[in-house]
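Visitor: Hello! I am new here and would like to learn how to read a structure. Could you show me around?

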Amino acid sequence: MLEQLLIFTRGGLILWTCKELGNALKGSPIDTLIRSCLLEERSGAASYNYDAPGAAYTLKWTFHNELGLVFVAVYQRILHLLYVDDLLAMLKREFSVIYDPKRTAYDDFDETFRQLRMEAEARAEELKKSKPVAKPVNNSKKQGQVQKVGFEGGNKKKGGSGPGSDGGDGNGRKMENGHANGNTDETKVALVANGKENASSNIGAFDVNKLQKLRAKGGKKTDTVVNKGSKVDPNKKITKKNRVWDVSPTESKLDFTDPADQNGDENAVIVAADEGESMMDKEEIVSSESETEEDEEMEKDSKMETKKKGWFSAMFQSIAGKANLEKADLEPALKALKDRLMTKNVAEEIAEKLCESVAASLEGKKLASFTRVSSTVQAAMEEALVRILTPRRSIDILRDVHAAKEQRKPYVVVFVGVNGVGKSTNLAKVAYWLLQHNVSVMMAACDTFRSGAVEQLRTHARRLQIPIFEKGYEKDPAIVAKEAIQEATRNGSDVVLVDTAGRMQDNEPLMRALSKLVNLNNPDLVLFVGEALVGNDAVDQLSKFNQKLADLSTSPKPQLIDGILLTKFDTIDDKVGAALSMVYISGAPVMFVGCGQSYTDLKKLNVKSIVKTLLK
Amino acid sequence: MDELEQWRIQLQQWSRQGAEWFHQMPETQLYAAIAVVFVTTFFLLSIRLFKRTKSNTVVLTGLSGSGKTTLFYQLQDGSSHLGTVTSMDPNEGTFVLHSEIAKKGKIKPVHVVDVPGHSRLRPKLDEFLPQAAGIVFVVDALEFLPNCRAASEYLYDILTKSSVVKKKIPVLILCNKTDKVTAHTKEFIRKQLEKEIEKFRASRSAISAADVVNEFTLGVPGEAFGFSQCHNKVTVADASGLTGEISQLEEFIREYVKP
Ligand SMILES: Nc1nc2c(ncn2[C@@H]2O[C@H](COP(=O)(O)OP(=O)(O)OP(=O)(O)O)[C@@H](O)[C@H]2O)c(=O)[nH]1
Ligand SMILES: [Mg+2]
């Protein structure tokens, strides 16, 4: 059974809810969905899981971008309702007919809804009855995640090999949201969703292919809904359907992970990739602005769009303002944009998700006159990037230091990260910066693992004339940190900067030790130090650090990475993608940027210039 | 590319024809036409300039969940409808306040903007502040203490924006949700906000060296911060968006956007 169905504007006004359902929801799933999924550029995901005391909901949604409407369905997770996507799509179609921006009450929609729901339920029922074949579905390589959900039936962990594929930071937002469940990270949301649906298809014994066929036959009506207004060939039809509305058990998963399965589009996609690449190169030489190139791009876009349409009709459309943007129209521009992001060193996975989210926010929108698809897409992406990089929490450390001081406690910062990223050096820079603002600082040498680490820190301490707390090597770093904090409390230091050993994210014993250190000392800030040079690995590093901190923690509210320090920023030229990847995957803001060898080379991230560079 | 070539030829022909036609025109007609064009553009431009000098925009801002959208619809429709969820986009409307609809005579409509409070959407605020005649900073008086620091920081950022300071845009701190008995009083909230801002003043002036641009500093050095020290007028009021007790808000709006 559905728990709740809601139609609201992007402005936040609820236009219609299903009174029949009328169940009071536990917690605030809708607000949480908006805050930690839709506004975090994760709206490309298939579903969102929300846990509150006594409730485990799954939420699904669809946008009507032209009208600025959002449709959300909430149901109990254990129910695996199959008709929800179907229902939402129908709801959207019917509601957009009667919607009027000036009107705020839609009581007459109740009756329409009742019918739609009956239809959808009946269709789902039919599907269920007709398919008694059990056949495990394991085509997603990302299924490693699924285990978490607790439906193990038939879901073998099939090499969770994609970079970062099983490292979703999961609980990244747990702390911030208080009651948000762990699966805020889209990777996980999507995967869990897939996993669940898979699980359900195992249990409920569906056969994928037959199901698909059946949909095509029996579900004619849905198909027309889905493809309303689109005149593309059948292959495209399927693609579109999958991506947008239809998150029925199996199809969507194929799409998200493995584009090669979309027989029809395969070629087009590859072509797009190639051309995009070369264009990037050119652009770097000529330095962005030149109009002709963009025209060229557009021409290419349109060519890829449809081979039937000539360039003239495309040009004409761009002048006259096109009816509504469809997925297929956006695809080439998005592809080019994705490639551009990747040349800036954004992790592929992240670029992909962003593009999906931007697509979700544009689809169905009217293209304004005299604008090209590519520039519309670019504008939407720019807005999304600004949104992501704008810190969600305050990054005013000095304010927090003063607050801690009032409580007569030292403010503890733990620096974590993989080997050789410059933890100690940048720790010293932060110390220098704090000193300049009349904050008394103490260093704690908790890298008791790598030889020479303590001496290195001691050198910095001597140069900055800061006290350092050290206990040599072979000691448990968690204990050393604890003693350091006690010492700082005694001698009245305002801030303790804890240096830890660099560790690879897969090194289980060392990660365990880190988790212990964090748990035992409850630092005010866990600062992840990462190299700005890193590409796809950024996702893996951050998500695994967070994952380990969450998994190995004993407390119900584990402390995760709160902020990021990007090092070696001066060496990367315009390849600033790591900043984006890290912020996106962890939800933590970039608090400092290290950009040189001297103590003064520490900056704040300039969001505007980063966004500009990324899109250049 | 044949197509393209054809089109180019066609275009050239057209332009040649256009030029010929232009030459055949009598001169006086030509001048008259040019004059008309000039006059209209000048007229349109002056209208725009005139409009800008007298803004009728009131911006609702504040943390997420403070009740901005509810207030927006109270102002517009006199009802909070079925309720609200977290906003993803601003709400904008130009209307005569609902409570004034019954009044006779011509009333100047107000342009009200409700900017979402989610921190990721904060940059949106900058789009609306330059044209604001007044800013309403909505505070949740019910859940005030847990959000005190965040609210103060947001308010601090607004009060130090150059667009606000230079134009001395008046700010109303609106304590919302006072329909509940557990809501804090506006005096208490004002004091707490002042205290918190005082702390930010210390830390922010330090940070500005490190690239975060707060364009202006607040208050008088060496004195504890109070809203009275601001160059623009900062006042405090209460309201309840849910029950529609928004008279103080309407007074504020009508003080700066004359009917
Ligand atoms: N008790 C009470 N609740 C209110 C009042 N005003 C708003 N609320 C509730 O506060 C919640 C948030 O209100 P919104 O108007 O959506 O908040 P907002 O400021 O627009 O939030 P964002 O759009 O996220 O920035 C809703 O659940 C309202 O019902 C009020 O005067 N009294
Ligand atoms: Mg709102």
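Guide: We will look at a ligand and its surroundings, then at a pair of helices. Please keep in mind that this is a predicted model.

Visitor: Which residues are the closest to ligand 1?

Guide: They are Ser64(B), Thr69(B), Thr70(B), Thr84(B) and Ser87(B), from a shell of 21 residues that surround ligand 1. Helix 3 of chain B, residues 68-77, gives the largest share of that shell, with 3 residues.

Visitor: How many residues of the shell around ligand 1 are nonpolar, polar or charged?

Guide: The shell has 13 polar residues, along with 4 nonpolar and 4 charged ones.

Visitor: And which polar side-chain atoms lie by an oxygen atom of ligand 1?

Guide: One belongs to Ser87(B), at 2.7 Å from such an oxygen. In the side chain of Lys68(B), an N or O atom is also 2.7 Å from an oxygen atom of ligand 1. For Ser240(B), the distance from a polar side-chain atom to a ligand oxygen is 3.2 Å. Of the 650 Å² that ligand 1 exposes when taken alone, the protein buries 86%.

Visitor: Now the helices, please. How are two packed helices described?

Guide: By the angle between their axes and the distance between those axes. Here, helix 20 (residues 508-521) and helix 21 (residues 537-551) of chain A pack at about 65°, their axes 9 Å apart. Their crossing is right-handed. Residues making the contact include Met511(A) and Leu514(A) of helix 20 and Phe545(A) and Leu549(A) of helix 21. By class, 5 nonpolar, 1 polar and 3 charged residues take part.

Conventions
Residues numbered from 1 in each chain as written. Chains lettered and ligands numbered in written order. Predicted model: local features only at pLDDT ≥ 70, side-chain atom pairs only at ≥ 80, totals over all residues. Heavy atoms only, no water. Near = heavy atom within 4 Å. Polar contact = N/O pair within 3.5 Å; in protein donor to acceptor, adjacent residues only side chain to side chain. Areas by Shrake-Rupley, 256 points an atom, 1.4 Å probe, with all protein chains shown as cover. Helix = DSSP H or I, 4+ residues; strand = E, 2+ residues; numbered from the N terminus. Nonpolar A, V, L, I, M, F, W, Y, C, P; charged D, E, K, R; others polar. Axes fitted to C-alpha atoms, helices over the stretch in contact; angles between N-to-C directions. Left-handed = near helix turned anticlockwise from the far one by under 90°. Contact = heavy atoms within 4.5 Å.
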